Amino acid sequence: MTVEGLPMAVPAAGLPARVRIHEVGARDGLQNESATVPTEIKAEFVRRLADAGLTTIEATSFVHPKWVPQLADAEQLFPLVAGLEGVRLPVLVPNDRGLDRALALGARRIAVFASATESFAKANLNRTLDESLAVFEPVVARAKDEGRHVRGYVSMCFGDPWEGAVPLRQVVRVCKALRDMGCDELSLGDTIGVATPGHVLELLSLLNAEGVPTNVVGVHFHDTYGQALANTYAALQHGVTTIDASAGGLGGCPYAKSATGNLATEDLVWMLQGLGIDTGVDLNRLVATSAWMAEQLGRPSPSRTVRALSHKEQ
Ligand code: HMG
Ligand code: MG
């Protein structure tokens with residue numbers, strides 16, 4: 001370790017030179033908090049994340065407020081952060097109604113969220129898998145007509161709490177359906193954190209074989225079993241350059257009880273800096289942001305890097 005509290009950069013062969021971090025703490029993180037965070041604190045969180053150098057910050061969701069009460073203030077929050085210079089602020093929309101709400105506020109990037117399994121489609125969207133794809137089709141078409149960027153999430157890519165193992169062909173089918181609708185990028189969700197690196201490589205290879213190129217694929221790992229960084233490294237080796245992560249390791253999913261926090265952005269940045277991979281993120285500022293957010297939430301961050309670097313300051 002260097003004196004500044006950053007890892008020494010030692011590149012490894014065959015990895016990308018730059019990675020785009022898709023920060024999901026304000027959405028995936030806060031949607032799962034038992035207490036609802038005040039809107040002004042959420043806005044401050046987003047501003048601090050931007051100050052730390054994150055340029056893609058998923059801000060909130062335009063979902064039904066009864067389904068996710070923690071994000072019921074989307075209309076109030078979005079305008080508070082919409083003017084942040086150089087920052088992309090994707091938002092989740094589950095249907096036409098959600099898209100109307102997002103477009104009314106000028107959101108430039110939207111994300112629909114599908115499931116690789118029937119059980120989670122039902123639990124999360126109150127629809128069968130095919131019904132949910134039928135709901136997304138006109139949403140994606142309209143968003144594209146309006147010139148918006150569209151991300152398509154696929155949850156439960158590596159395992160499902162109700163169904164167990166998820167056949168890769170099923171995941172690929174949903175990925176291809178989202179691409180055929182016009183999604184610009186995909187995010188492969190390991191919603192309950194059960195993936196391991198070989199499984200990740202196998203899915204990425206099968207997607208390529210089925211015509212889905214790696215440059216439209218991001219990865220979204222939850223860290224339930226401590227595998228998120230290992231899985232990320234495998235994805236990097238395969239050429240993935242969009243990695244989802246959540247500041248401080250906040251997160252989960254209210255409709256998948258076994259989901260815990262996402263890969264912590266700080267743990268990711270520590271590894272990427274050590275590999276000499278550019279992210280544009282100031283790790284110490286990010287740690288300070290997550291330490292501040294942990295104070296607001298009244299409990300310590302689960303991120304090992306946040307803990308290590310916060311201790312160092314004391
Ligand atoms: P539903 O109850 O079937 O809704 O819920 P509906 O279509 O039957 O409509 C019922 C009422 O809700 C209607 O109002 C609609 O207008 C209203 P009424 O006519 O009765 O007065 N409504 C809405 N209101 C506001 N905003 C909307 C909206 N839609 C309908 N967008 C629905 C279906 C999809 C709405 C619901 O299931 C829902 O909101 N689900 C969201 C669940 C969610 O946000 N989960 C977490 C995000 S996914 C995730 O975390 C995984 C991820 O991180 C990746 C990974 O880790 O795998 C992305
Ligand atoms: Mg998630």
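## The lining of the largest pocket

The residues that line the largest pocket of this predicted model divide into 18 nonpolar, 14 polar and five charged, where Ala, Val, Leu, Ile, Met, Phe, Trp, Tyr, Cys and Pro count as nonpolar, Asp, Glu, Lys and Arg as charged, and the others, Gly among them, as polar. Of the 37 lining residues, Val-63, Pro-94, Phe-113, Asn-124 and Leu-125 lie nearest the centre of the pocket, whose volume is about 660 Å³. A pocket is an open set of points on a 1 Å grid over the protein atoms alone, with protein on both sides within 12 Å along at least five of seven lines, and lining residues have an atom within 4 Å of a point. Grid points are joined across faces, edges and corners, and a volume is the space filled by probe spheres set on the points.

At least two lining residues come from each of helix H1 (25-29), helix H4 (96-104), strand S5 (109-115), helix H5 (118-125), helix H6 (129-145) and strand S6 (149-155); helices (H or I, at least four residues) and strands (E, at least two) are DSSP runs, numbered from the N terminus.

Residues are numbered from 1 along each chain as its sequence is written. Because the model is predicted, local features need pLDDT of at least 70 and side-chain atom pairs count only at pLDDT 80 or more, while totals for chains, interfaces and linings use all residues.

## Helices H5 and H6

The axes of H5 and H6, which are lines fitted to C-alpha atoms over the stretch in contact, come within 8 Å and cross at roughly 55°. That angle makes H5 oblique to H6, since angles under 35 degrees count as roughly parallel, over 145 as roughly antiparallel, 65 to 115 as roughly perpendicular and the rest as oblique. Glu-118, Ala-121 and Leu-125 of H5 make the contact with Leu-129, Ser-132 and Phe-136 of H6, contact meaning heavy atoms within 4.5 Å.

## The second largest pocket

The second largest pocket has a volume of about 320 Å³. It is lined by 20 residues, and the closest to its centre are Asp-223, Gly-249, Gly-261, Asn-262 and Pro-302. By class, this lining has five nonpolar, 10 polar and five charged residues.

## The cavity

There is one cavity of 30 Å³ or more, a cavity being a set of points where a 1.4 Å probe fits but cannot get out. The largest cavity has a volume of about 70 Å³, and its lining divides into eight nonpolar, three polar and one charged residues. Helix H11 (residues 283-297) gives the most to this lining, with four residues.

Definitions and conventions
Chains lettered and ligands numbered in written order. Heavy atoms only, no water. Axes fitted to C-alpha atoms, helices over the stretch in contact; angles between N-to-C directions.
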